[in-house]
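Visitor: Hi, could you walk me through this one? I'd like to start with the strands.
Guide: Happy to, let's look at it together.

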Amino acid sequence: MYTLVRRDDRLLEVLKDPIDRRDRVFPKEEEAVKYAEKLNGYIQSGPKWEVQEYLIYEMKKSRSSIS
């Protein structure tokens with residue numbers, strides 16, 4: 001699972017779903033890359049969207065198996 005992030009010297013923002021404001025997650029890296037390229041075409045200056053593995057999902061999954 002992958003998500004899009006914009007970062008400068010630190011994490012700036014994670015792409016959110018416009019309807020429910022949860023993190024926008026892509027099941028395949030190719031889908032995330034394609035969407036990032038589309039969004040980056042609209043950005044004139046500043047940080048661009050980058051693809052990152054969605055680690056929060058994995059952390060939640062591992063915590064639930066510990067309990």
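Predicted model: local features only at pLDDT ≥ 70, side-chain atom pairs only at ≥ 80, totals over all residues.

Guide: Strand 1 and strand 4 (residues 49-53) are paired antiparallel through 5 bridges. Two strands count as paired if DSSP finds at least two bridges between them, and strands are DSSP runs of E with at least two residues, numbered from the N terminus.

Visitor: Which residue of strand 4 stands opposite R6?
Guide: That is W49. The charged end of R6 also sits over the ring of W49, 5.3 Å from its centre. For that label, NZ of Lys or CZ of Arg has to be within 6 Å of the ring centre and within 35 degrees of the ring normal.

Visitor: OK, and how many bridges are there between strand 1 and strand 2?
Guide: There are 3, again antiparallel, with strand 2 covering residues 11-14. V5 stands opposite V14 there, and the two strands form a hairpin with 3 residues between them.

Visitor: What about strand 3, how does it run relative to strand 1?
Guide: Antiparallel: 2 bridges join strand 1 (residues 2-7) to strand 3 (residues 25-26). Y2 has F26 as its bridge partner.

Visitor: Is F26 buried or exposed?
Guide: F26 counts as buried because its relative accessibility is 5%, while Y35 is partly exposed at 25%. Buried means under 20% relative accessible area, exposed over 50%, and partly exposed in between (1.4 Å probe, protein chains only).

Visitor: What sits over the ring of Y35?
Guide: The charged end of R24, 4.7 Å from the ring centre.

Visitor: Last one: where is confidence lowest?
Guide: In helix 2 (residues 55-66), with a mean of 53, whereas helix 1 (residues 29-40) is highest at 96. Helices are DSSP runs of H or I with at least four residues, and pLDDT is the predictor's confidence in each residue, from 0 to 100. The protein averages 84.

Conventions:
Residues numbered from 1 in each chain as written. Heavy atoms only, no water.
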